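Let's take a walk through this protein together, starting from a single residue and widening the view step by step. Have the sequence and the 3D view ready.

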Amino acid sequence: RMRECIMAKSAEKRGKDETAAAEKKVKATGKPASGARGGITAPVTPSADLAEIVGKDDLPRSEVVSKVWEYIKKNDLQDAKDRRQINGDDKLQKIFGKPSVSMFEMNKHLSAHLTAKKA
């Protein structure tokens, strides 16, 4: 139990040290911190059709995918026989462009409805 406490403390301290180092680097170079705002965590803007499902606010791509899955599960849109298939309702069909897609295809269709912020 004591070891857990020490481990947690050291991870917390390490996080603070990294933050301090990053802040120091930003001051020295005058450039914003690089790192956790690119790639999958970079905010993206959903299209009007996609906004009906995930909301109109900018979100990281991972959040958009999570919200779409939430919507799919809430409305029971997974195919009963093949759970990998998603049967689109009216809102999803606008995004997918067809009545049914596989869960692997879904991300490809979502990409067309997301615009990344230009730095």
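**Starting from one residue**

Find F96 first: its place is in helix 4. Keep in mind as you look that this is a predicted model. Is F96 buried or exposed? Its relative accessibility is 3%, and buried means under 20%, so F96 counts as buried.

Which residues does F96 touch, leaving aside those up to four places away in sequence? They are I86, V101, M106 and H109. Take H109 from that list: 13 residues separate F96 and H109 in sequence, while their C-alpha atoms lie 5.5 Å apart in space.

Now let's move to the core. The largest nonpolar core has 19 residues, and L50, V64, V68, I72, I86, L92 and M106 are the ones with the most contacts inside it. Helix 2 (48-54), helix 3 (61-74), helix 4 (90-96) and helix 5 (103-111) are the elements that each give two or more residues to this core. Helix 3 gives the most, with five residues.

Beyond residues up to four places away in sequence, L50 touches G55, V64, V68, I95, L110, H113 and L114.

Finally, step back to the whole chain. You can count five helices and five strands, which follow the pattern α-β-α-β-α-β-α-β-α-β along the sequence. Of the 119 residues, 23% count as buried. The accessible surface of the protein chain comes to about 8800 Å², with 55% of this belonging to carbon and sulfur atoms. Among contacts between residues at least 6 apart in sequence, 32% join residues at least 24 apart.

Methods:
Residues numbered from 1 in each chain as written. Predicted model: local features only at pLDDT ≥ 70, side-chain atom pairs only at ≥ 80, totals over all residues. Heavy atoms only, no water. Core = buried A, V, L, I, M, F, W, Y, C linked by side-chain atoms within 4.5 Å. Buried < 20%, exposed > 50% of the residue type's maximum accessible area, 1.4 Å probe, protein only. Helix = DSSP H or I, 4+ residues; strand = E, 2+ residues; numbered from the N terminus. Contact = heavy atoms within 4.5 Å. Areas by Shrake-Rupley, 256 points an atom, 1.4 Å probe, with all protein chains shown as cover.
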